[in-house]
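I opened my notebook to look through one structure. I wanted to write down what I looked up, entry by entry.

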Amino acid sequence: MPAILQALKEANPRPQVELDHADPYQLLVATILSAQCTDRRVNQVTPALFRRYPQPNDLAKAEIPELESMIRPTGFFKSKAKNLVACATALVQRFHGRVPSTMEELVALPGVGRKTANVILGHAYGQPAVVVDTHVKRVAQRLGLSKSADPDRIEQDLMKSIPRSQWTEGSQRLLLHGRYVCLARRPTCGACVLYDLCPWKGKSPQ
């Protein structure tokens with residue numbers, strides 16, 4: 001694993017979350033919207049959304065039809081609108097409008113699972129956190145870092161193999177590697193910095 005982490009670090013020294021945001025609230029909303037949707041599409045929707053609902057108390061009072069209309073391009077807009085209003089309401093009622101900074105409190109919010117919580121912890125609050133999305137899942141399996149298909153188990157496997165101080169940046173590098181290089185259908189193996197370290201039997205010959 002150290003060789004993999006080092007190669008990814010050299011290729012991407014400063015990995016950043018690609019959801020545009022200015023604070024933990026905006027990152028939370030954007031991450032909820034990113035389910036089954038590209039970050040690029042979310043970033044097209046959120047500027048107007050944040051102007052309309054700049055704080056959790058504004059979003060908590062949102063009219064569902066209007067909110068659905070604004071987030072429709074992100075897909076699954078009905079369930080996402082319901083979760084966003086419920087989440088914002090919980091923030092106002094239980095946390096005085098502030099996004100909490102612990103895993104236990106975050107996953108208790110409507111629409112928030114471990115992946116979303118880890119995004120907030122790692123990228124909004126600077127806490128060590130391993131994010132496991134579909135890209136990380138695919139890359140971890142191909143690199144032999146986890147044999148599981150369960151995101152929670154993959155998270156545990158990566159937490160064991162990545163030094164704690166590198167959890168956030170390391171998992172973000174794996175995510176971006178999966179998003180841009182180790183693609184699901186046509187991975188660009190010829191351009192992969194991990195080619196010689198990759199045990200995946202499906203990789204293309206160089």
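**Entry 1: an exposed lysine**

I looked up Lys160 and found a relative accessibility of 69%, so Lys160 counts as exposed. The cut-off for that word is over 50%. I kept in mind that this is a predicted model. Next I asked which helix holds Lys160. Lys160 belongs to helix H10, which covers residues 151–161. I also checked Lys160 against Leu145. In sequence, the two are 15 residues apart. In space, their C-alpha atoms are 9.9 Å apart.

**Entry 2: the largest pocket**

I turned to the pockets. How much space lies in the largest pocket? I noted about 780 Å³. Its lining has 31 residues, and the closest to the centre are Ser34, Cys37, Asp39, Asp133 and Arg179. I then sorted the lining by residue type. I wrote down 10 nonpolar, 14 polar and seven charged residues.

Which helices supply at least two residues each to this lining? I listed H2 (24–33), H3 (39–52) and H6 (77–95) among them. H8 (114–123), H9 (134–142) and H11 (167–180) are also on that list.

**Entry 3: the second largest pocket**

I moved on to the second largest pocket, with a volume of about 160 Å³. Its lining includes Leu8, Ala11, Asn12 and Glu18. Arg173, Leu176, His177, Tyr180 and Val181 line the second largest pocket too. Ala191 and Val193 complete the list.

Helix H1 (2–11) and H11 each give at least two residues to this lining. Which helix gives the largest share? I found that H11 does, with four residues. By type, I noted seven nonpolar, two polar and two charged residues in the lining of the second largest pocket.

**Entry 4: where H9 meets H11**

H9 and H11 had both come up in the largest pocket's lining. I looked up how this pair is placed. The axes of H9 and H11 come within 8 Å and cross at roughly 90°.

Which residues meet here? On the H9 side I wrote down His135, Val136, Arg138 and Val139. On the H11 side I wrote down Ser171, Leu174, Leu175, His177, Gly178 and Arg179. The residues of this contact divide into four nonpolar, four polar and two charged.

Terms used. Residues numbered from 1 in each chain as written. Predicted model: local features only at pLDDT ≥ 70, side-chain atom pairs only at ≥ 80, totals over all residues. Heavy atoms only, no water. 1 Å grid on protein atoms, 1.4 Å probe; cavity = no way out; pocket = protein on both sides within 12 Å on 5 of 7 lines; lining within 4 Å. Points joined across faces, edges and corners; volume = space filled by probe spheres on them. Nonpolar A, V, L, I, M, F, W, Y, C, P; charged D, E, K, R; others polar. Axes fitted to C-alpha atoms, helices over the stretch in contact; angles between N-to-C directions. Contact = heavy atoms within 4.5 Å. Buried < 20%, exposed > 50% of the residue type's maximum accessible area, 1.4 Å probe, protein only.
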